[in-house]
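Welcome, and thanks for opening the viewer. Follow the stops below in order, selecting each item as it comes up.

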Amino acid sequence: MANGQIRVEDAVVDYSAGRGASHRVLNRINLEIGSGEFVSIVGKTGCGKSTLLRLILGEERPTGGRVLVNDQVRAHPDRLCGYVPQKYSLFPDKTVLANVVFGLDVSEFGPLSFFSPQRRRRMREFRATALLYLERTGLTESDAGKYPHQLSGGMQQRVAIAQALIMKPPILLMDEAFSALDPGTRKEMQSLMKDLWRSSGTTVVFVTHNTEEAVCLGSRVIVLSGNSPGEGSRVALDLPVGNLDFGSHPEDIRNLAEQIDRAMLPGLHVESTAAEMSLAYGNAT
Amino acid sequence: MNPFRLHATPGKVTALALSWVLFSAGILSYFYVAGKRHAENPDDRVTPTISQMVSAFQSASLEPFEEEIAEEGATQKSIWSSISSSMLWKDTAATTWRFLISVALLFPAVVLGLHMAMFPYVGAFFLRFFQFFDKIVALSLLPILFIAFGIDELSKVMLIVIGVAPTIVLDTFNLSKSVPREQIVKAFTLGAGDLAVTYRIIFKQIWPHVLNSIRLNLKAVMLFLFAGEMIASADGLAYRIALLRRNMAMDTIVPYVLWVALLLFLVDLALNTINRKMHPWFQEI
C-alpha cells in the first residue's frame, strides 16, 4: 500500500487547555488506508478517535504533520468524504426524500438555477434515484414523506446512510453512527452496513467505542490508546481481521474483542501486548 | 385529589372556568366602582359606564371624522363608507402602515444576523458593534432622531428600527450559531456551497424560530411606535389616546386601549398559526 487513499503522516493534535497550556490528543499518528478497506477505529472515550476522523474529513487541521486524501492535503469537508455522525445527521426541516435528494440537487444546481425548468425536470429523476437508495437501506416508500422527528433512531441512521451513499463518495466516514441505537437495531444496521460496503466498494472509516462492533464490522481494526493522559494517543494496534471469517462464530468475535479490550487497560504495555496479538491474528490472514 | 399538587389535573370545564375568573373579576370590579362613582356624581368622566363607552366607540368607528363633516353633506351612506371615513379607521390605518413598514425593515436585520453567524469575517466586523448598539436605550435617542430626521414619519420608523433591529440581529445570530455543527459538515460533504449551506440549511431551519422571535418582539415594536406617535404625530391610535387624555375622554380611551390589545393579539395569533401550518416539522424547545 505505497499509495494509500488516505494517508495520515505524523499527525499531532493539541487542544489548548487555557492559560497557555495545551493538551495533546493525538501523538504522531501514522496511518495508511487503502481504497476499499473497512477500517474500524476503536478506543476509549476521549482518546481522540473522533478527532482523527475529523482530520480525514477536513473539518480540523492537525497541529503537526499532515493528512492527505488522494495525495491532496485536506482543507475543508467536501464530496470526497461522506459523513454519518451519531446525532443531527438529518436536516430536520426536510422530509426523508428531500434529505436524500438534497445532495444530488445542491451539487448540480447552484443558487442561480434554483428556479430553472431544468431543475424541475432533473428533480423527478433525483427522486427516483433517492427512492432506490431508500429501498437499499431498508426503508419503504411510505417513509419518504415523513420528517426526521417522526422516525425512530435506527430509521434516521438508515436515511443518513442513504443520504451519504447516493453521492457515491470514495470514502465514507462514520462517527459512532450506531452508538445511540438499541442492541437489536444495532445488529441489523451492522449487517446492513457490511452489505452496503461490499456492494458499493467505498472505503469506510468507522469510529466506535465498542470493540465488539469494531471487530465484527471492520476488515481492519485500529486501536488508539495512550500510555498516560496528556501525552496523546498513538496507534496501539493495527490488526487486519478481514479474512477471519466470523460469520458463524460470534464467540470468536467476543474473544478477540476481549483481548483487545485487555490490551487497552492502563498500566499494561500496550505495544508489547499489541505486538503479540498482531502475531497471533495477523498471521491468520 | 388535592388541587394544589403538581400532578393535579383540572378537567376541561374547570380549566375554562378558572381561566375566566380574573377577567370577570376585573370587569365586575370596574363596573362596581363605576356605578358607585356615577351614583355620587352623574357627570363623572374618569370611569365611564358601558353604555357611554359603547356609544363613544360607535361614534368613533361609524361616524365620519369631524374634520370632514362640512364637506360631506347630508347624503345617506353605506356602513362601509361610514366606517372607512371614521376616526378609528383613519387612526388604525395610519398606525398599521407605520407598523408594517417597521416590521418589513426588520427582515434585513435577519439576513445580517444570519451572515454574521455564518461568515466569520462578517461576524468579526459587526458583532461587537451590535452588542453595544443593542444596549442603547432607543427612547433616549428620540430627541436626536427628531433633530436629525425631522418629526415626520421617518423619525418614527427609525426609532422602531433602532430599538428592535439589534435584538433581531443578535437573536438571529444566536439561533444560527445554535444549529449543530454536524449539519453544516454534512451539507458540505453532500456538495453544498457556502450560500447553499447558509440559506438552504441554516436559514430554512431557523426561519420559524426567527418568526417566533419577531412575534415576541412585536410588543417592543408597538411600544416604540406608540412613543413616537404620542410625542410627534397628527394621526394614529397612540396620537388619539394622547389627545383624548387632555379632555379626560375616558369613554373613548378605554375602548381604544382594548382595540389596540385586540389587534395585537390577533396579529400574534395569526403569525403563530401560520408559522405552525407552514412548518409542520417545527417543534418548540
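Begin in chain B: select B:Met248, which sits in the loop between helix H13 (237–246) and helix H14 (250–278). Helices here are DSSP runs of H or I with at least four residues, strands are runs of E with at least two, and both are numbered from the N terminus. Phi of B:Met248 is near 50°, a positive value in a residue other than glycine. Is B:Met248 buried or exposed? With 10 C-beta neighbours inside 10 Å, B:Met248 counts as exposed. The cut-offs are these: 20 or more other C-beta atoms within 10 Å of a residue's own make it buried, 12 or fewer make it exposed, anything in between is partly exposed, and the C-beta atoms are placed from the backbone.

A word on what you are looking at: this is a predicted model, in which local features need pLDDT of at least 70 and side-chain atom pairs count only at pLDDT 80 or more, while totals for chains, interfaces and linings use all residues. Residues are numbered from 1 along each chain as its sequence is written, and chains are lettered from A and ligands numbered from 1 in the order in which they are written.

**Zoom out to chain B**

Now show chain B by itself. Along its principal axes, the C-alpha trace of chain B spans about 75 × 65 × 40 Å. Buried residues make up 30% of the 285 residues in chain B.

**Two helix pairs**

Two packed helices are described by the angle between their axes and the distance between the axes.

Select residues 107–118 and 194–216 of chain B. These are helix H6 and helix H11, which pack at an angle of about 130° with their axes 11 Å apart. Axes are lines fitted to C-alpha atoms, for helices over the stretch in contact, and angles run from 0 to 180 degrees between N-to-C directions. H6(B) and H11(B) are therefore oblique to each other; angles under 35 degrees count as roughly parallel, over 145 as roughly antiparallel, 65 to 115 as roughly perpendicular and the rest as oblique.

Which residues of H6(B) and H11(B) meet? Show B:Val110, B:Leu114 and B:Met118 on the H6(B) side, then B:Thr198, B:Ile202, B:Phe203 and B:Val210 on the H11(B) side. Contact means that the C-beta atoms of two residues, placed from the backbone, lie within 7 Å. Six of these residues are nonpolar, one is polar and none is charged. Ala, Val, Leu, Ile, Met, Phe, Trp, Tyr, Cys and Pro count as nonpolar, Asp, Glu, Lys and Arg as charged, and the others, Gly among them, as polar.

Next, pick H8 (142–149) and H9 (153–177) of chain B, whose axes come within 9 Å and cross at roughly 140°. This crossing too is right-handed. H8(B) brings B:Leu142, B:Leu145, B:Phe146 and B:Phe149, and H9(B) brings B:Leu154, B:Ser155, B:Met158 and B:Leu159.

**Across to chain A**

Select helix H10 (181–189) of chain B, where B:Val185, B:Lys186, B:Ala187, B:Phe188 and B:Thr189 are buried. The buried residues of H10(B) pack against helix H1 (49–57) and E6 of chain A, together with H11 of chain B. After H10(B) comes B:Gly191, with a positive phi near 100°.

Bring in chain A, which has eight helices and ten strands. The contact takes 25 residues from chain A and 20 residues from chain B. H2(A) supplies the largest share of the chain A side, four residues.

**Last stops in chain A**

In H2(A), find A:Leu104, which counts as buried with 20 C-beta neighbours inside 10 Å. Leaving aside neighbours within four places in sequence, A:Leu104 is in contact with A:Phe126, A:Thr129 and A:Ile166.

Finish at A:Asn70, in the loop between strand E4 (64–69) and strand E5 (72–73) of chain A. A:Asn70 is partly exposed, with 13 other C-beta atoms within 10 Å.

How values were computed. Left-handed = near helix turned anticlockwise from the far one by under 90°.
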